[in-house]
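Open the model alongside the text.

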There are 2 protein chains.
Amino acid sequence: MNIPANLPASTAMKSTSPKVTIEVVARQAGVSKGLVSFALNNRPGVSPETRVRILQVAKDLGWKPSLRARSLSTQRSYALGLVIARNPDVLASDPFFPSFIAGVESILAPEGRALVLSVVPDEETELRTYRSLVADGRVDGVFVTDLRLNDARIPLLAELGLPAVTLGRPDGPSPFPAVTVDDTPGVMASVAHLATLGHRRIAHVAGSSTLLHGLRRREAFTAALREAGLPEGQTVETDFSVAAGSDATRRLLTQDRPPTAIVYANDPMAIAGLGMAHELGVRVPDELSITGYDDIDFCRYVYPPLTTVSAAPMVWGRSAASTLLALMESGSADDVDLPAARLVVRGSTAPPSGK
Amino acid sequence: MNIPANLPASTAMKSTSPKVTIEVVARQAGVSKGLVSFALNNRPGVSPETRVRILQVAKDLGWKPSLRARSLSTQRSYALGLVIARNPDVLASDPFFPSFIAGVESILAPEGRALVLSVVPDEETELRTYRSLVADGRVDGVFVTDLRLNDARIPLLAELGLPAVTLGRPDGPSPFPAVTVDDTPGVMASVAHLATLGHRRIAHVAGSSTLLHGLRRREAFTAALREAGLPEGQTVETDFSVAAGSDATRRLLTQDRPPTAIVYANDPMAIAGLGMAHELGVRVPDELSITGYDDIDFCRYVYPPLTTVSAAPMVWGRSAASTLLALMESGSADDVDLPAARLVVRGSTAPPSGK
DNA sequence: TAGCCTCTCTAAACCGGTTCAGTTTGGGTC
DNA sequence: GACCCAAACTGAACCGGTTTAGAGAGGCTA
């Protein structure tokens, strides 16, 4: 009843790949662990020849330092975090994040950094999530998106000592670098475009004004009207969702003197508005002009194609990632101002009808 | 020129929060590190009273075991991975992932697990990414989405020994549990619905047939036509993108005898198709009926609202996450078949016009 | 030739947990 | 009272890196 006595043989077979650690490399190169570590992280104190020899041995053995071990001793995780607190509906219809993340990844991957993503239902959970990301040491830094008025995350992250980059400039003081795309010119251009076409009753379907970009776009809208010498326009505040965009549009169009043009704070709402106009028998662009914001893929393919403001979330992602890495590297990083989004004129805008 | 001699005092002030490790807890509770570890992971070999005392001390001291240290000794990361290889355009217009991820998170977060996300541009990078996630020990398991014909990821993950869950059943053998939503009934129902309305020339704008769900929907379409006793229908293969959906629609509608109904393999393409129909002056649903697949938020708000098949990516995410956790826990998990997606009839389908 | 400095390198501690071999304690059996 | 055994617990090794104090060797100065 002998258990195979030759078991060791099979074990021996595996001896081609016993885990190769820094210890093995050191022994093989005839030096100490510490020196291998020095050579790897090219720090001074290793003679050139020895350094070359160590690196060669490491390469020959196919050694990759263990991220886990390194994490424990350096107290860093080599990962960055993104916490998204959004109503699932809004999140789903807004292509901002997929593109933004693709941009972020394009920078992180070559650096061997990973992205830890959290999608949470509300702000309270959001703050808890940041705390636990830090407590667990899951990430070395985070992206702060969807800035809010008087954002509680700024002081929290400052308190936690977690490096961060904000997308856009917060309204209050912030110790973190901001990577910003100015919303104003795009909205201004939209309004100016409509004014030039001859519109005088222009309404705005705004996003949530607790969100800074919602607020900024709204302010830009108001300012643009003033600048164009037009009367104050109607503004309906929403939560940026498709459903809200649709409702707001119905509300605007079923009034006595409906607007001849509507400026939407994002594309999904504009597309929903387009649908609602159709439903109400209001022809676009003949009886109603519509502009969106973001230039999501759909814009080109709805009918009529949507005049909108072209943002570049992927570029934003790249820039934010670079900035965050720089911040962690050197302890400080400059604000970055990306080129403002530009108006793209398509078929959904035209001069107002005679009336 | 004395440097403040009372510096130690300020140090003393900080003594309220010197990092509390398992060592500190052990000393405070008057036991060894090992025993604290046992108590924490409630394993046998600790007397009830001692266990309670240890846990109490841990709580009083606010001790949270270090994820990093634990990772090093257990060789696990307590994180799961999701690698998405998609053309950025397709990714951006498809709300599947945001919803799916929200579902996944709702399971992972309470378990203290994190999600590591990678978005990569192509399949080659995708495979490399899986390898490096494993090499770095970033994740303990992964989700495999967008299954392809003869998917190279299955053997790779098997070889790497990384636990995985596939979304849908692969075409070849797979050692991994599959969480599946059957595409067939939804497509069948769409076709049956159109046939019942009286349509006889029904076309299909299919997704990429290298993607299993693209292929399955296409097969279901063909089978459904046969079952309804209708002649073979036209099928145009695309890459699931909005642009391709638009092109395919133009191709179909500008023929001599265009179809009276089009079944799209996903909603974004259907919405693009709707736009193209408008552009070509083809009235929907009077002259052309349209169905989509997924029931994304937009469907309800375009005009006419889109008849589509309602999938539930959030539920899928929850189920996939649970299955993956179970697999890692117990070493095996059963396949899960989620309720098939159901047809939702809205305004984009109607009996064909007289002609 | 002693003294000193610099450069290269080693040994050991450290990060903070888990795990396992082995010791102590107490109760039960004969 | 001797023996055995299980339960409770300890101490040390271990995971695989980084970091630091200090040892040795060699060159330069006086």
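B:Asp337 is exposed, with a relative accessible area of 53%. Exposed means over 50% relative accessible area, buried under 20%, and partly exposed in between (1.4 Å probe, protein chains only). B:Arg169 counts as partly exposed, at 34% relative accessibility. These two residues form a salt bridge, with the closest N and O atoms of B:Asp337 and B:Arg169 2.6 Å apart. The pair links distant parts of the chain, 168 residues apart: B:Asp337 sits in strand β11 (residues 336-338) of chain B, and B:Arg169 in the loop between β4 (164-167) and β5 (178-181).

The model is predicted: local features need pLDDT of at least 70, side-chain atom pairs count only at pLDDT 80 or more, and totals for chains, interfaces and linings use all residues. Residues are numbered from 1 along each chain as its sequence is written, chains are lettered from A and ligands numbered from 1 in the order in which they are written, and side-chain values use heavy atoms, with hydrogens and water left out. Helices (H or I, at least four residues) and strands (E, at least two) are DSSP runs, numbered from the N terminus.

**Salt bridges**

Side chains of opposite charge can pair when their charged atoms come close. A salt bridge here is a side-chain nitrogen of Lys or Arg within 4 Å of a carboxyl oxygen of Asp or Glu.

B:Arg86 forms a salt bridge with B:Asp146, at 2.7 Å between the closest N and O atoms. B:Arg86 lies in the loop between β1 (79-85) and α6 (88-93) of chain B, and B:Asp146 in the loop between β3 (141-144) and α9 (153-160) of chain B, so the pair ties together parts 60 residues apart in sequence. Both B:Arg86 and B:Asp146 are buried. B:Arg283 forms a salt bridge with B:Asp286, the closest N and O atoms being 3.2 Å apart. B:Asp286 counts as partly exposed, at 37% relative accessibility. In chain A, a network of salt bridges links A:Glu123, A:Glu126, A:Arg148, A:Asp151 and A:Arg153.

**Rings**

Rings of Phe, Tyr and Trp (its six-membered ring) pair if their centres lie within 6.5 Å; planes under 30 degrees apart count as stacked, over 60 as edge-to-face and the rest as tilted. The whole structure holds 9 aromatic pairs over all chains. One of them is stacked: A:Phe96 and A:Phe100, 5.4 Å centre to centre with 15° between the planes. A:Phe96 and A:Phe100 are separated by about one helical turn because they are 4 residues apart in helix α7 (residues 96-108) of chain A. Both A:Phe96 and A:Phe100 are buried.

A:Phe298 and B:Phe298 make an edge-to-face pair, 5.0 Å centre to centre with 70° between the planes. This pair crosses between chains, each residue lying in the loop between β9 (289-291) and β10 (308-310) of its own chain. A:Phe298 and B:Phe298 are buried. Ring pairs also link A:Phe96, A:Phe97, A:Phe100, A:Phe143 and A:Trp316 into a cluster.

Charges meet rings too. A charge sits over a ring if NZ of Lys or CZ of Arg is within 6 Å of the ring centre and within 35 degrees of the ring normal. A:Arg43 lies over the face of A:Phe38, 4.8 Å from the ring centre. The charged end of A:Arg217 sits over the ring of A:Tyr293, 3.8 Å from its centre.

**Pockets and cavities**

On a 1 Å grid over the protein atoms alone, a cavity is a set of points where a 1.4 Å probe fits but cannot get out; a pocket is an open set with protein on both sides within 12 Å along at least five of seven lines, and lining residues have an atom within 4 Å of a point. A volume is the space filled by probe spheres set on the points.

| Space | Volume | Lining residues |
|---|---|---|
| Largest pocket | about 1200 Å³ | 40 residues |
| Second largest pocket | about 1000 Å³ | 28 residues |
| Largest cavity | about 290 Å³ | 21 residues |
| Second largest cavity | about 140 Å³ | 15 residues |

In the largest pocket, α5(B) gives the most to the lining, with 6 residues. In the second largest pocket, α5(A) supplies the largest share, 6 residues.
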